[in-house]
Amino acid sequence: MDIAQERAEAQDLPYNVFARACPSRGTLEHVTGRWGGLTLGVLYEGSLRFNELRRRVDGVSEKMLSQTLHALERDGLVHREAQPTNPPRVDYELTPLGREVAERLLTLIHFVEGRMDDVLSARTRYDETRGAL
């Protein structure tokens, strides 16, 4: 499907992420925020426990990862399974909807990673131009 077709279909949807009160905006923020995107990307590889996930998402605090997982679970993107063991074992995995979102997100992630030389060159040019003023 090309972009024009996607736009035409999007116009038929009852939600509009550009509208301030639309609930889709919150979900988009959860998915594209720093920790949400990284968490979904890591969980695409398979089920992980909290501390495994925290180690894989380098730099996230325990509090932020917990908040991120709650938001993604509430949106139906992540499934949390607590097992009644001692100590308790909690596993996180993507739901089918979460896998679909993560696939699209990973396409963007791989694109950005593949074009970082261009981005870094642009940053250098920008900084040199701004520094010359």
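Predicted model: local features only at pLDDT ≥ 70, side-chain atom pairs only at ≥ 80, totals over all residues.
Let's start with the whole chain. It has seven helices and three strands. The chain has 133 residues, and 23% of them are buried. Looking at contacts between residues at least 6 apart in sequence, 42% of them link residues that are at least 24 apart.

Now to the inside. The largest nonpolar core contains 20 residues, and those touching the most other members are Leu40, Leu43, Leu53, Leu69, Val78 and Tyr92. Two or more residues of this core come from each of helix 3 (34–43), helix 4 (50–56), helix 5 (62–74), strand 3 and helix 6. Helix 3 contributes the most, with four residues.

Is helix 3 mostly covered or mostly open? Mostly covered: of its 10 residues, eight are buried. Those buried residues are Trp35, Gly36, Gly37, Thr39, Leu40, Gly41, Val42 and Leu43.

So who are the partners of helix 3? Two packed helices can be described by the angle between their axes and by the distance between those axes. Take helix 5 to begin with. The axes of helix 3 and helix 5 come within 10 Å, crossing at roughly 75 degrees. An angle from 65 to 115 degrees counts as roughly perpendicular, and therefore these two helices are roughly perpendicular to each other. On the helix 3 side, the contact uses Trp35, Gly36, Thr39, Leu40 and Leu43, while helix 5 brings Met64, Leu65, Thr68, Leu69 and Leu72. By class, that contact between helix 3 and helix 5 has seven nonpolar residues, three polar ones and no charged ones.

Next comes helix 6. Here the axes of helix 3 and helix 6 come within 9 Å and cross at roughly 105 degrees. That makes this pair roughly perpendicular as well. Gly37, Leu40 and Gly41 of helix 3 meet Val101, Ala102, Leu105, Leu106 and Ile109 of helix 6. The contact of helix 3 with helix 6 comprises six nonpolar and two polar residues, with no charged ones.

Now for the threonines I promised. Thr68 sits in helix 5. Why does Thr68 count as buried? Because its relative accessibility is 10%, and the cut-off for buried is under 20%. Beyond its neighbours within four places in sequence, Thr68 is in contact with Trp35, Gly36 and Thr39.

Thr95 is in the loop between strand 3 (89–94) and helix 6 (96–114). With a relative accessibility of 16%, Thr95 counts as buried too. What does Thr95 contact, leaving aside neighbours within four places in sequence? It contacts Gly76, Leu77, Val78 and His79. A polar atom of the Thr95 side chain lies 2.6 Å from the backbone oxygen of Gly76. The backbone nitrogen of Gly98 lies 3.0 Å from a polar atom of the Thr95 side chain.

How values were computed
Residues numbered from 1 in each chain as written. Heavy atoms only, no water. Buried < 20%, exposed > 50% of the residue type's maximum accessible area, 1.4 Å probe, protein only. Contact = heavy atoms within 4.5 Å. Polar contact = N/O pair within 3.5 Å; in protein donor to acceptor, adjacent residues only side chain to side chain. Core = buried A, V, L, I, M, F, W, Y, C linked by side-chain atoms within 4.5 Å. Axes fitted to C-alpha atoms, helices over the stretch in contact; angles between N-to-C directions. Parallel < 35°, antiparallel > 145°, perpendicular 65-115°, else oblique. Nonpolar A, V, L, I, M, F, W, Y, C, P; charged D, E, K, R; others polar.
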